[in-house]
Amino acid sequence: MASDDEGPLVVASTRPKKVSAKTSLQKHRQDTAAEAEEKAIQSFRKNAVEQYGRGAQVPVKSIKTKRLRENMKRMEHKFKEGAVQAKAAELLLEENPGYLEAEGLEKTYHFSQKDLQKELDVGTAKKGFELKLPNFGPYCIDYNRNGTDLLLGGRKGHVAAFDWRSSSLHTELQLNETIRDVKWLHNSQFFAVSQKKYVYIYDLKGIEIHCLKNHIEVTNMEFLPYHFLLATIGNAGWLKYQDTSTGQHVCEINTKLGSPMSMTQNQRNAIVHVGHAKGLVTLWSPNVTTPLVKMLCHKGPVRAVAVDREGYYMATAGQESLVSIWDIRTYKKVHSYSTPIPANSLHISDRGMLAIGWGSHTQVWKDALRTKANSPYIQHHTPANVVEDVRFCPFEDILGVGHVGGFESLIVPGAGEANFDALELNPFESKKQRQEAEVRLLLNKLKPEMISLDPDVIGTLDRRKAGEKDGETWQDAEKKKAEEKIEIRNRQRGKNSALRRHLRKSGKKNIIDLKRLKLEEMKEKRKRLAQGLAESKREELGPAVARFYRPPVR
Amino acid sequence: MKIKAISRSTSTYVPQGTTSAPVPRNLNPALHPFEKAREYTRALNATKLDRLFAQPFLGQLGNGHIDGVYTFAVDPKVLNRVASGSGDGVVKLWEMTDRTEVYSVKAHDGVVKDMCYSGDGKLLTCASDQKVKLWDHPSKLEGRSTKDQVKPVMTYLGANSFNSITHHRYDQVFATASSSIGIWDLSRSKPTTTLSWGSDSINVVRFNPTETSILASAGTDRSLVFYDLRMSTPVTKLITTMSTNAICWNPIEPFNLAIGNEDHNAYIFDMRKLERALNVLKDHVAAVMDVCYSPTGQELVTGSYDRTLRIYSVREHGHSRDIYHTKRMQRIFSVAFTPDSRYVLSGSDDGNIRLWRAKASERSHVRSTRERMKLEYDEALKKRYQHMPEIRRIARHRHLPKSIKKMSETKKVQLGSIKRKDDNRRKNGEKLSARVPERQKMVVKNVQ
């Protein structure tokens, strides 16, 4: 240690103090330990801001007004500290997500449900079950928002709502007419059923509360919980939004693309994605009468659409036996998977697992969105029963499969979000909590006008000029912006070799010509300038002398 | 095979035998969609609730006065007592907790023009009957009925009718304003010094509470004069376009003072830099008769001849945060903040003393932690989204009496036409002097 010198105080020593090799090594170790700790803290903070921060930092230094600059600095500091604290609060998370790992020559997709159930504890194994309902299938299914209740709708008129964890039946209805889709509303007290002609709303006791007569021959329904909107689309291709808290019919939009094949919602921004027979997927908000985005995803009908929780990726299943993954920030294809026969149903779990139902098979793919997976994670076969609907249960490692012969609940370790937020959605809520949450949800109900591609648009600056604003709503502006993004350049005559086309589309990144070289040089020069003169001076002096050079103190 | 699936035990999340279930949190942003939109909705609701609960008027003190109330005296050291002086020479002392009268005394023969507390809690009153009277500490009057004659401790006689009085923060010295400024010692019957600088009549005089030897006065010759008692001379004089009715020093920032002017505005000045105002507080449609800083120095209440009182946040833009009015309230001649800065008093021509909340939607009951946290959260939300058009519209909306609305519209048109005319003249090439900033417009001249 440096501080344990005793005896008379040496005011100024002429010689450097002798330090033993041992102490110097210790000191070195301490220093490196402190350095490592500092590094760890820095990386922790960086991760925290990346994970919990809300977008890019404001360039504070360029603000000219002193008062504003100081305020912004304080705000930025506050946001950063908030993110760090949120990251630190991860320590309090009680649960860990599930996993399934193969050992040795095993493959996870070889494990059957029976194998998994054997290895799991009894309570968890019980969650995988099968309901044989051979008479009224195929079944469409829906879990409610906190994953406690399950709704089954048999095509031939059988509806059952039950608490699947305690397997207690809430209600069972025989409607004696075709059922095309079922959907829970904001909590497990109400559900909507699209029947032969109209959509009906029932309560948990099975009592018919409403008949929505302007929703005719509905094939697909989606419920937007924060806006209290029931979005439906029927055979005629009309997309209709109805407010379920006030009963107001918000809007109806003619898609003009014929009978829809599939529909889903983006949970991040409440945009409805509709898959059409032409191979198009269109994105809709209730504020604009034309689609916000049109994506040509497949050569034939789009049989199923699914969007992940974060709203980054969309999976579509086409008639040509392809399941494609799309990045819906750039509207570009990421990659695609093929299925032996066209898939019927898709769903993406909270932790990003992709479930595909094709024929009588159900497959779950892990890490299949951002990267291309080589093999499925889990497979399941229901012989002779064509899968109608697959859905992950929120906050559970469960995949519900509705098929011709009934319903099956499959265990998919690692699919569900392990740690719920009780102030948002609570699977263990009491009656009182449910009622209070309902009131709170109603108080914070969002207006349909707030639906837009960017959910954080509120509170940001409207940068359009005064002239541009006239008559044009910000939704229109957003649509325009989205269109710009997916603009594909026209074919250029005489320049159409495969390589050129590729280069053109990939932004000419690997063409190195004179102009490019010049630009690179300029870039380099600027970089050197930014690093300061010291660097260039060192270069000038050469490596042998440069180490003695110290930049002058300014 | 290594396997684990989520299995939550019910006993952890729904413990038996207790009603308080644990509330696990997960701050992952993906679990909280639409956070901006939901926050905005909450801010909007909070703003609406704020307006819903806005009930500024609390009531009047006792039965008020018979004549108009022209002055208040608030002792900064005592929370529950306020004195008021009326046009018929009556001075009343009020108990604030139950809004009752402690005593009432016919103090003067003329109008009680001004009152102030001395440092040791004695009351000084001055009136148009050329007298200044000193009244004893109110605690010594406890238990006396109004029938007992309350007698002044001391009476000082002057040559002219007094307009204003102010007491030194520590010393036994007070200053009066009549045709000149008299500096008095409490123990002497004649003024020790007389100061004047040009004016024939002085409206108001005020000691600086922090820089205690500085004195500010305003006269009918549109002057605002600063004196330093250490030199017994005037220091500097500012001539404004119209005369000043009231002066109030900022209790926190010693250099700053607010003046209420005949030109419908209140101005904040730094006494070291009188060539331009720090802020111009607009919105009144008649002369500002009285101004008073809150003890925090952040807010200013003004009472006006247009029968309204307005509250300004001094640091922010020059428009009022709130406007208070009633159907029966007449022209306001005196306003005061209570020393806890939570209430505002107004005295008007109709003889009533009205008590208002400084924050219209605030309530004074004891709050539970939950309620307090909710209010704090709402406050932060309102601040965060204050610039959103709908929130701003709701937060700013006030119902105005028809006459005030009409007058403010007329005023807007008048000012607009003056500006337009000036613009047109400049546009057509007329050589005019440079445009004067709004904060310098009322400054006519600075004299050293």
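Angles under 35 degrees between two axes count as roughly parallel, those over 145 as roughly antiparallel, those from 65 to 115 as roughly perpendicular, and the rest as oblique. This report applies such terms to a predicted model, in which local features need pLDDT of at least 70 and side-chain atom pairs count only at pLDDT 80 or more, while totals for chains, interfaces and linings use all residues. Residues are numbered from 1 along each chain as its sequence is written, and chains are lettered from A, with ligands numbered from 1, in the order in which they are written.

**Helix pairs**

Two packed helices are described by the angle between their axes and the distance between the axes. Axes are lines fitted to C-alpha atoms, for helices over the stretch in contact, and angles run from 0 to 180 degrees between N-to-C directions. Helices (H or I, at least four residues) and strands (E, at least two) are DSSP runs, numbered from the N terminus.

| Helix pair | Axes come within | Crossing angle |
|---|---|---|
| α2 (residues 35-52) and α4 (residues 389-396) of chain B | 9 Å | roughly 10 degrees |
| α1 (residues 21-52) and α2 (residues 66-88) of chain A | 8 Å | roughly 95 degrees |

The helices α2(B) and α4(B) are therefore roughly parallel to each other. Two residues are in contact if their C-beta atoms, placed from the backbone, lie within 7 Å. On the α2(B) side the contact is formed by A43(B), L44(B), T47(B), K48(B) and R51(B), which meet E390(B), I391(B), I394(B) and A395(B) of α4(B). These residues comprise five nonpolar, one polar and three charged. In this classification Ala, Val, Leu, Ile, Met, Phe, Trp, Tyr, Cys and Pro count as nonpolar, Asp, Glu, Lys and Arg as charged, and the others, Gly among them, as polar.

In chain A, α1(A) and α2(A) are roughly perpendicular to each other. Residues of α1(A), including F44(A), A48(A) and Y52(A), meet residues of α2(A), including K80(A), A83(A) and K87(A). The classes in this contact are seven nonpolar, two polar and three charged residues.

**Nonpolar cores**

A residue is buried if 20 or more other C-beta atoms lie within 10 Å of its own, exposed if 12 or fewer, and partly exposed in between, with C-beta atoms placed from the backbone. A nonpolar core is a set of buried Ala, Val, Leu, Ile, Met, Phe, Trp, Tyr and Cys residues joined through C-beta atoms within 7 Å. The largest such core has 109 residues, and L346(A), L354(A) and L399(A) have the most contacts inside it. Strand β19 (residues 302-307) of chain A gives the most to this core, namely five residues. Another core, of 85 residues, lies apart from it and includes M115(B) and V314(B).

**Contact between the chains**

Chain B gives 31 residues to the contact, and chain A gives 47 residues. The largest share of the side of chain B that touches chain A comes from α2(B), with seven residues. That side has 19 nonpolar, five polar and seven charged residues.

**Local backbone features**

The peptide bond from G137(A) to P138(A) is cis, with omega near -5 degrees. P138(A) lies in the loop between β2 (130-132) and β3 (139-143) of chain A.

In chain B, R222(B) is not a glycine, yet has a positive phi of about 65 degrees. R222(B) is partly exposed, with 19 other C-beta atoms within 10 Å. R307(B), also not a glycine, has a positive phi of about 70 degrees. R307(B) is buried, because 22 other C-beta atoms lie within 10 Å.
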